[in-house]
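Trainee: Before we look at the model together, could we go through the labels one by one, setting each value against its definition?

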Amino acid sequence: MADERTFIIVGASLAGAKAAETLREEGFAGRVVLIGAEAERPYERPPLSKDLLTGEFDPSKAYVHEATWYDEHSVELRLSTRVTAIDPAAHQITLDGGETLTYDKLLLATGSVVRPLKVPGADLDGVRYLRTLPESEALAKAITAESRVVVIGGGWIGLEVAAAARGRGASVALVEVAPLPLAGVLGSEVATIFAELHREKGVDLRVGVGVTEIRADGAAKVVVLDDGTELPADLVVVGVGVRPNIELAQAAGLAVDNGVLVNASLQTSDEDIYAAGDVAQHDHPTLNTQVHVEHWANAQAQGPAAARSMAGQAVSFDELPFFFSDQYDLGLEYAGFVGPDGYDEVVFRGDVAGREFIAFYLKDGRLIAGLNANVWDVSDQIQAIIKSGKPVDTARLADPDVPLDS
(Lines give C-alpha, C1' and ligand atoms only; values in the text may rest on other atoms or scores of the structure.)
Protein backbone atom coordinates (compact mmCIF):
# COMPACT_ATOMS: atom_id res chain seq x y z
CA MET A 1 0.00 0.00 0.00
CA ALA A 2 1.40 3.39 -1.01
CA ASP A 3 2.41 5.84 1.71
CA GLU A 4 0.21 8.89 1.14
CA ARG A 5 1.66 11.01 3.95
CA THR A 6 3.35 14.35 3.23
CA PHE A 7 6.28 15.55 5.31
CA ILE A 8 7.22 19.19 4.71
CA ILE A 9 10.54 20.73 5.74
CA VAL A 10 10.62 24.52 5.96
CA GLY A 11 14.20 25.66 5.56
CA ALA A 12 16.54 24.31 2.86
CA SER A 13 19.38 24.47 5.36
CA LEU A 14 21.92 21.87 6.45
CA ALA A 15 19.47 20.61 9.07
CA GLY A 16 16.64 20.53 6.54
CA ALA A 17 18.67 18.76 3.86
CA LYS A 18 20.00 16.13 6.28
CA ALA A 19 16.46 15.55 7.55
CA ALA A 20 15.25 14.89 4.00
CA GLU A 21 18.19 12.56 3.41
CA THR A 22 17.47 10.65 6.61
CA LEU A 23 13.78 10.25 5.81
CA ARG A 24 14.70 8.48 2.60
CA GLU A 25 17.49 6.44 4.21
CA GLU A 26 15.10 5.28 6.93
CA GLY A 27 12.58 4.11 4.34
CA PHE A 28 9.96 6.86 4.44
CA ALA A 29 8.12 6.43 1.12
CA GLY A 30 5.70 9.35 1.33
CA ARG A 31 6.00 12.81 -0.17
CA VAL A 32 8.91 14.97 1.02
CA VAL A 33 8.88 18.71 0.26
CA LEU A 34 11.92 20.86 1.12
CA ILE A 35 11.30 24.61 0.90
CA GLY A 36 14.05 27.25 0.96
CA ALA A 37 13.96 31.03 0.74
CA GLU A 38 17.42 31.24 -0.84
CA ALA A 39 18.08 30.62 -4.53
CA GLU A 40 20.90 28.21 -3.63
CA ARG A 41 20.28 24.57 -2.86
CA PRO A 42 21.24 23.54 0.72
CA TYR A 43 24.87 24.22 1.63
CA GLU A 44 27.12 24.16 4.68
CA ARG A 45 28.10 27.47 6.25
CA PRO A 46 31.46 26.89 8.04
CA PRO A 47 33.58 27.48 4.89
CA LEU A 48 31.91 30.87 4.37
CA SER A 49 34.00 32.56 7.05
CA LYS A 50 37.03 30.28 6.73
CA ASP A 51 38.54 28.66 3.62
CA LEU A 52 36.23 30.32 1.12
CA LEU A 53 37.41 33.78 2.19
CA THR A 54 41.06 32.78 1.83
CA GLY A 55 40.50 31.43 -1.66
CA GLU A 56 41.45 27.91 -0.58
CA PHE A 57 38.00 26.38 -0.99
CA ASP A 58 35.91 25.49 -4.03
CA PRO A 59 32.43 26.94 -3.37
CA SER A 60 30.81 24.03 -5.19
CA LYS A 61 32.00 21.74 -2.40
CA ALA A 62 29.85 23.58 0.16
CA TYR A 63 26.63 22.02 -1.10
CA VAL A 64 25.12 19.26 1.03
CA HIS A 65 24.09 17.19 -2.01
CA GLU A 66 24.75 17.11 -5.73
CA ALA A 67 22.17 19.02 -7.75
CA THR A 68 20.68 15.77 -9.06
CA TRP A 69 20.27 14.17 -5.63
CA TYR A 70 16.86 15.71 -4.90
CA ASP A 71 15.16 14.38 -8.04
CA GLU A 72 16.90 11.04 -7.66
CA HIS A 73 15.46 10.67 -4.15
CA SER A 74 12.03 12.14 -4.92
CA VAL A 75 12.57 15.18 -2.72
CA GLU A 76 10.64 18.19 -4.01
CA LEU A 77 13.10 21.04 -3.62
CA ARG A 78 11.45 24.45 -3.87
CA LEU A 79 13.97 27.27 -3.82
CA SER A 80 13.44 31.06 -3.77
CA THR A 81 10.19 30.29 -1.95
CA ARG A 82 9.06 31.66 1.38
CA VAL A 83 6.52 30.17 3.73
CA THR A 84 4.35 33.01 4.96
CA ALA A 85 2.07 31.19 7.41
CA ILE A 86 1.47 27.92 9.23
CA ASP A 87 -2.01 26.76 10.19
CA PRO A 88 -1.49 23.95 12.71
CA ALA A 89 -5.23 23.20 13.03
CA ALA A 90 -5.62 22.67 9.27
CA HIS A 91 -2.14 21.13 8.91
CA GLN A 92 -1.40 23.62 6.15
CA ILE A 93 1.30 26.07 5.17
CA THR A 94 0.93 29.06 2.86
CA LEU A 95 3.63 30.04 0.37
CA ASP A 96 4.47 33.57 -0.71
CA GLY A 97 2.61 33.09 -3.99
CA GLY A 98 -0.57 32.16 -2.15
CA GLU A 99 -0.33 28.40 -2.71
CA THR A 100 -1.20 26.18 0.25
CA LEU A 101 0.27 22.77 1.02
CA THR A 102 -1.11 20.22 3.47
CA TYR A 103 1.25 18.26 5.70
CA ASP A 104 1.08 15.28 8.00
CA LYS A 105 4.32 16.25 9.74
CA LEU A 106 6.18 19.55 9.52
CA LEU A 107 9.81 20.32 10.35
CA LEU A 108 11.00 23.87 10.97
CA ALA A 109 14.65 24.27 10.01
CA THR A 110 14.50 28.00 9.38
CA GLY A 111 17.88 28.71 10.97
CA SER A 112 18.87 32.14 12.14
CA VAL A 113 19.18 35.64 10.72
CA VAL A 114 21.89 38.23 11.26
CA ARG A 115 21.39 41.00 13.75
CA PRO A 116 21.66 44.32 11.93
CA LEU A 117 23.96 47.07 13.08
CA LYS A 118 21.76 49.97 14.10
CA VAL A 119 23.86 53.08 13.64
CA PRO A 120 23.78 55.87 11.06
CA GLY A 121 25.47 54.77 7.85
CA ALA A 122 25.02 51.05 8.45
CA ASP A 123 23.18 50.78 5.14
CA LEU A 124 25.96 52.33 3.03
CA ASP A 125 27.49 50.43 0.13
CA GLY A 126 30.55 48.55 1.29
CA VAL A 127 29.00 47.59 4.64
CA ARG A 128 28.65 43.84 4.45
CA TYR A 129 27.25 40.91 6.41
CA LEU A 130 28.32 37.30 6.11
CA ARG A 131 25.52 34.77 6.27
CA THR A 132 24.98 33.43 2.76
CA LEU A 133 27.13 31.78 0.11
CA PRO A 134 26.79 34.70 -2.35
CA GLU A 135 27.81 37.14 0.40
CA SER A 136 30.93 35.07 1.15
CA GLU A 137 31.89 34.79 -2.51
CA ALA A 138 31.49 38.56 -2.98
CA LEU A 139 33.55 39.31 0.12
CA ALA A 140 36.31 36.93 -0.97
CA LYS A 141 36.59 38.84 -4.25
CA ALA A 142 36.59 42.20 -2.48
CA ILE A 143 39.38 41.46 0.02
CA THR A 144 42.83 42.17 -1.40
CA ALA A 145 46.25 42.90 0.01
CA GLU A 146 45.48 46.61 -0.42
CA SER A 147 42.16 46.47 1.44
CA ARG A 148 41.51 48.30 4.69
CA VAL A 149 38.99 46.12 6.48
CA VAL A 150 37.10 47.05 9.63
CA VAL A 151 35.31 44.17 11.33
CA ILE A 152 32.57 45.09 13.79
CA GLY A 153 31.99 42.32 16.32
CA GLY A 154 34.48 40.02 18.03
CA GLY A 155 32.55 36.76 17.90
CA TRP A 156 33.49 33.69 15.88
CA ILE A 157 32.48 35.18 12.53
CA GLY A 158 34.31 38.44 13.21
CA LEU A 159 37.52 36.74 14.28
CA GLU A 160 37.49 34.28 11.39
CA VAL A 161 36.91 37.09 8.89
CA ALA A 162 39.75 39.07 10.47
CA ALA A 163 42.08 36.07 10.24
CA ALA A 164 41.15 35.39 6.61
CA ALA A 165 41.64 39.04 5.65
CA ARG A 166 45.02 39.23 7.37
CA GLY A 167 45.98 36.01 5.61
CA ARG A 168 45.43 37.82 2.32
CA GLY A 169 47.55 40.75 3.42
CA ALA A 170 44.76 43.20 4.16
CA SER A 171 44.95 45.80 6.90
CA VAL A 172 42.42 44.83 9.58
CA ALA A 173 40.89 46.60 12.55
CA LEU A 174 38.39 44.76 14.75
CA VAL A 175 35.97 46.54 17.06
CA GLU A 176 34.34 44.75 20.00
CA VAL A 177 32.23 46.40 22.68
CA ALA A 178 33.17 43.78 25.31
CA PRO A 179 36.52 43.88 27.13
CA LEU A 180 37.74 40.89 25.09
CA PRO A 181 36.62 39.11 21.94
CA LEU A 182 34.70 35.89 22.74
CA ALA A 183 34.63 36.80 26.43
CA GLY A 184 30.96 35.87 26.73
CA VAL A 185 31.58 32.49 25.13
CA LEU A 186 34.98 31.39 26.40
CA GLY A 187 35.53 33.47 29.53
CA SER A 188 38.43 35.85 30.10
CA GLU A 189 41.06 33.15 30.69
CA VAL A 190 40.78 31.72 27.18
CA ALA A 191 39.52 34.86 25.42
CA THR A 192 42.78 36.59 26.37
CA ILE A 193 44.67 33.99 24.34
CA PHE A 194 42.65 34.82 21.23
CA ALA A 195 43.09 38.56 21.73
CA GLU A 196 46.87 38.07 21.94
CA LEU A 197 46.83 35.86 18.84
CA HIS A 198 45.09 38.47 16.70
CA ARG A 199 47.28 41.30 17.95
CA GLU A 200 50.39 39.23 17.13
CA LYS A 201 49.06 38.73 13.61
CA GLY A 202 48.71 42.46 13.11
CA VAL A 203 45.04 43.09 13.82
CA ASP A 204 44.30 46.51 15.31
CA LEU A 205 42.08 45.20 18.09
CA ARG A 206 39.81 47.84 19.63
CA VAL A 207 37.93 46.45 22.66
CA GLY A 208 35.59 48.05 25.14
CA VAL A 209 34.32 50.48 22.50
CA GLY A 210 31.27 50.65 20.28
CA VAL A 211 30.47 52.09 16.88
CA THR A 212 28.44 55.31 16.71
CA GLU A 213 28.44 56.00 12.97
CA ILE A 214 29.71 54.92 9.57
CA ARG A 215 30.41 57.77 7.16
CA ALA A 216 31.06 57.74 3.46
CA ASP A 217 34.39 59.21 2.40
CA GLY A 218 34.26 59.01 -1.37
CA ALA A 219 34.47 55.33 -2.27
CA ALA A 220 35.79 54.54 1.20
CA LYS A 221 34.16 54.56 4.62
CA VAL A 222 35.00 55.91 8.05
CA VAL A 223 33.92 53.91 11.09
CA VAL A 224 33.48 56.26 14.04
CA LEU A 225 33.90 54.79 17.54
CA ASP A 226 32.32 56.07 20.72
CA ASP A 227 35.74 57.17 22.02
CA GLY A 228 36.09 59.49 19.03
CA THR A 229 38.45 57.29 17.03
CA GLU A 230 37.88 57.25 13.27
CA LEU A 231 38.90 54.09 11.38
CA PRO A 232 39.21 54.36 7.57
CA ALA A 233 37.87 51.36 5.65
CA ASP A 234 37.39 50.08 2.13
CA LEU A 235 35.26 47.25 3.52
CA VAL A 236 33.20 47.08 6.70
CA VAL A 237 32.11 43.62 7.81
CA VAL A 238 29.41 43.42 10.48
CA GLY A 239 29.31 40.36 12.72
CA VAL A 240 27.31 41.37 15.78
CA GLY A 241 25.47 38.07 16.14
CA VAL A 242 22.42 36.24 14.90
CA ARG A 243 18.99 35.45 16.26
CA PRO A 244 16.80 32.39 15.69
CA ASN A 245 14.28 32.81 12.87
CA ILE A 246 11.17 32.14 14.98
CA GLU A 247 8.60 34.47 13.40
CA LEU A 248 6.70 31.73 11.55
CA ALA A 249 6.49 29.56 14.64
CA GLN A 250 5.49 32.46 16.85
CA ALA A 251 2.71 33.55 14.48
CA ALA A 252 1.45 29.95 14.41
CA GLY A 253 1.08 29.94 18.19
CA LEU A 254 3.97 27.58 18.93
CA ALA A 255 5.87 27.97 22.19
CA VAL A 256 9.04 30.02 21.68
CA ASP A 257 11.78 31.56 23.77
CA ASN A 258 15.33 31.94 22.49
CA GLY A 259 14.28 29.61 19.70
CA VAL A 260 11.33 27.32 19.03
CA LEU A 261 10.87 25.23 22.16
CA VAL A 262 11.14 21.48 21.55
CA ASN A 263 11.39 18.44 23.80
CA ALA A 264 14.15 15.83 23.64
CA SER A 265 12.33 14.29 20.66
CA LEU A 266 12.59 17.68 18.89
CA GLN A 267 8.81 18.01 18.95
CA THR A 268 7.31 21.48 19.42
CA SER A 269 4.23 22.36 21.46
CA ASP A 270 2.27 20.98 18.49
CA GLU A 271 2.70 17.20 18.23
CA ASP A 272 2.93 17.24 14.42
CA ILE A 273 5.48 20.07 14.16
CA TYR A 274 9.20 19.63 14.88
CA ALA A 275 12.19 21.96 14.88
CA ALA A 276 15.92 21.42 14.38
CA GLY A 277 19.13 23.39 13.95
CA ASP A 278 19.72 27.05 14.80
CA VAL A 279 16.01 27.74 15.30
CA ALA A 280 15.46 25.08 17.96
CA GLN A 281 15.78 25.38 21.74
CA HIS A 282 15.63 21.83 23.04
CA ASP A 283 15.35 20.01 26.35
CA HIS A 284 18.71 18.29 26.84
CA PRO A 285 18.33 15.01 28.75
CA THR A 286 21.99 14.90 29.85
CA LEU A 287 22.47 18.54 30.76
CA ASN A 288 19.00 18.80 32.34
CA THR A 289 18.40 22.22 30.87
CA GLN A 290 17.23 23.88 27.67
CA VAL A 291 19.95 24.38 25.09
CA HIS A 292 20.06 26.61 22.02
CA VAL A 293 23.03 25.97 19.73
CA GLU A 294 23.92 27.88 16.57
CA HIS A 295 26.66 25.72 15.12
CA TRP A 296 27.23 23.33 12.23
CA ALA A 297 27.51 20.14 14.26
CA ASN A 298 24.17 20.72 15.94
CA ALA A 299 22.37 21.15 12.61
CA GLN A 300 24.22 18.16 11.18
CA ALA A 301 23.00 15.93 14.02
CA GLN A 302 19.60 17.42 14.82
CA GLY A 303 18.21 17.28 11.28
CA PRO A 304 18.48 13.46 11.10
CA ALA A 305 17.25 13.09 14.69
CA ALA A 306 14.16 15.16 13.91
CA ALA A 307 13.51 13.07 10.78
CA ARG A 308 13.59 9.86 12.78
CA SER A 309 11.27 11.36 15.35
CA MET A 310 8.84 12.46 12.62
CA ALA A 311 8.90 8.93 11.22
CA GLY A 312 7.80 7.53 14.57
CA GLN A 313 11.10 6.36 16.04
CA ALA A 314 11.94 6.91 19.70
CA VAL A 315 14.41 9.82 19.84
CA SER A 316 16.13 11.47 22.78
CA PHE A 317 18.59 14.01 21.42
CA ASP A 318 21.51 14.16 23.83
CA GLU A 319 24.42 15.31 21.64
CA LEU A 320 26.60 17.78 23.52
CA PRO A 321 27.01 21.22 21.93
CA PHE A 322 30.12 21.19 19.72
CA PHE A 323 31.81 23.68 17.43
CA PHE A 324 35.14 24.30 15.78
CA SER A 325 37.09 27.25 14.45
CA ASP A 326 40.25 27.90 12.45
CA GLN A 327 42.15 31.16 12.87
CA TYR A 328 45.63 31.56 11.37
CA ASP A 329 47.56 28.46 12.52
CA LEU A 330 45.25 27.79 15.45
CA GLY A 331 42.53 25.19 15.12
CA LEU A 332 40.18 24.40 17.95
CA GLU A 333 37.25 22.26 18.98
CA TYR A 334 34.86 23.03 21.82
CA ALA A 335 32.42 20.64 23.41
CA GLY A 336 30.03 21.06 26.32
CA PHE A 337 27.79 23.72 27.74
CA VAL A 338 28.53 26.55 30.14
CA GLY A 339 25.10 27.61 31.39
CA PRO A 340 23.88 30.93 32.71
CA ASP A 341 25.55 30.27 36.06
CA GLY A 342 28.93 30.12 34.36
CA TYR A 343 31.89 28.14 35.61
CA ASP A 344 34.01 28.09 38.76
CA GLU A 345 37.46 27.68 37.23
CA VAL A 346 39.40 26.86 34.09
CA VAL A 347 42.09 24.17 34.29
CA PHE A 348 44.73 24.13 31.54
CA ARG A 349 46.66 21.14 30.22
CA GLY A 350 49.55 21.52 27.78
CA ASP A 351 51.47 24.47 26.36
CA VAL A 352 49.30 27.57 26.63
CA ALA A 353 52.08 29.92 25.49
CA GLY A 354 52.68 27.72 22.43
CA ARG A 355 48.93 27.48 21.83
CA GLU A 356 48.79 23.70 22.07
CA PHE A 357 46.55 23.11 25.03
CA ILE A 358 43.25 21.94 26.45
CA ALA A 359 41.11 24.23 28.61
CA PHE A 360 38.70 22.47 30.97
CA TYR A 361 35.73 24.41 32.37
CA LEU A 362 34.61 23.21 35.81
CA LYS A 363 31.47 23.84 37.84
CA ASP A 364 30.95 22.34 41.31
CA GLY A 365 33.94 20.07 40.76
CA ARG A 366 32.58 18.59 37.52
CA LEU A 367 33.64 19.14 33.94
CA ILE A 368 31.02 21.04 31.95
CA ALA A 369 32.98 22.02 28.82
CA GLY A 370 36.35 21.62 27.20
CA LEU A 371 38.27 23.42 24.47
CA ASN A 372 41.19 21.76 22.69
CA ALA A 373 43.46 24.07 20.69
CA ASN A 374 45.92 22.44 18.26
CA VAL A 375 45.50 19.22 20.25
CA TRP A 376 43.57 16.60 18.35
CA ASP A 377 41.64 13.37 18.84
CA VAL A 378 40.59 14.26 22.38
CA SER A 379 37.08 15.67 21.93
CA ASP A 380 35.37 12.30 22.35
CA GLN A 381 37.22 11.74 25.62
CA ILE A 382 36.35 15.22 26.86
CA GLN A 383 32.70 14.63 26.05
CA ALA A 384 32.76 11.28 27.85
CA ILE A 385 33.99 12.98 31.03
CA ILE A 386 31.28 15.63 30.76
CA LYS A 387 28.55 13.04 30.20
CA SER A 388 29.71 10.96 33.15
CA GLY A 389 28.82 13.82 35.51
CA LYS A 390 31.49 12.60 37.95
CA PRO A 391 33.71 14.89 40.02
CA VAL A 392 37.19 15.34 38.56
CA ASP A 393 40.63 15.64 40.14
CA THR A 394 42.00 18.92 38.83
CA ALA A 395 45.62 17.89 39.31
CA ARG A 396 45.12 14.79 37.17
CA LEU A 397 43.12 16.81 34.66
CA ALA A 398 46.02 19.24 34.25
CA ASP A 399 48.69 16.51 34.00
CA PRO A 400 49.42 15.64 30.34
CA ASP A 401 50.86 12.29 31.46
CA VAL A 402 47.46 11.18 32.79
CA PRO A 403 45.35 9.73 29.94
CA LEU A 404 42.04 11.52 29.61
CA ASP A 405 40.13 8.27 29.39
CA SER A 406 41.38 7.33 32.86
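This is a predicted model: local features need pLDDT of at least 70, side-chain atom pairs count only at pLDDT 80 or more; totals for chains, interfaces and linings use all residues.

Trainee: Why is the pair of Glu-26 and Arg-308 called a salt bridge?

Mentor: The term requires a side-chain nitrogen of Lys or Arg within 4 Å of a carboxyl oxygen of Asp or Glu. For Glu-26 and Arg-308 the N to O distance is 3.4 Å, so the pair falls within the 4 Å limit. A search of the whole structure finds 15 salt bridges.

Trainee: How do you know whether Glu-26 and Arg-308 are buried, exposed or partly exposed?

Mentor: Buried means under 20% relative accessible area and exposed means over 50%, with partly exposed in between, using a 1.4 Å probe and protein chains only. Glu-26 has 39% and Arg-308 has 28%, so both values fall in the partly exposed range.

Trainee: Which residue forms a salt bridge with Arg-31, and which parts of the chain does the pair link?

Mentor: Arg-31 pairs with Glu-76, their closest N and O atoms being 2.7 Å apart. The pair links strand S2, which holds Arg-31, to strand S3 (residues 75–78), which holds Glu-76, across 45 residues. Arg-31, at 32% relative accessibility, counts as partly exposed, and Glu-76 likewise at 29%.

Trainee: How large is the second largest pocket, and what lines it?

Mentor: Its volume is about 430 Å³, a volume being the space filled by probe spheres set on grid points joined across faces, edges and corners. On a 1 Å grid over the protein atoms alone, a pocket is an open set of points where a 1.4 Å probe fits, with protein on both sides within 12 Å along at least five of seven lines, and lining residues have an atom within 4 Å of a point. Of the 18 lining residues, the closest to the centre are Leu-287, Phe-337, Lys-363, Leu-367 and Ile-368. Strand S27 (366–373) and helix H9 (379–388) each supply at least two lining residues, and S27 gives the most, with 3.

Trainee: Why is Ser-325 called buried?

Mentor: Ser-325, in strand S23 (residues 322–327), has 1% relative accessibility, so it counts as buried.

Trainee: What makes the pairing of Ser-325 with Glu-160 a polar contact?

Mentor: A polar contact is a pair of N or O atoms within 3.5 Å; within protein, one must be able to donate a hydrogen and the other to accept it, and residues adjacent in sequence count only if both atoms are side-chain atoms. The side chains of Ser-325 and Glu-160 meet this at 2.6 Å.

Trainee: Is Gly-202 buried or partly exposed?

Mentor: Gly-202, in the loop between helix H6 (183–200) and strand S12 (204–207), counts as partly exposed at 43% relative accessibility.

Technical notes. Residues are numbered from 1 along each chain as its sequence is written. Side-chain values use heavy atoms; hydrogens and water are left out. Helices (H or I, at least four residues) and strands (E, at least two) are DSSP runs, numbered from the N terminus.
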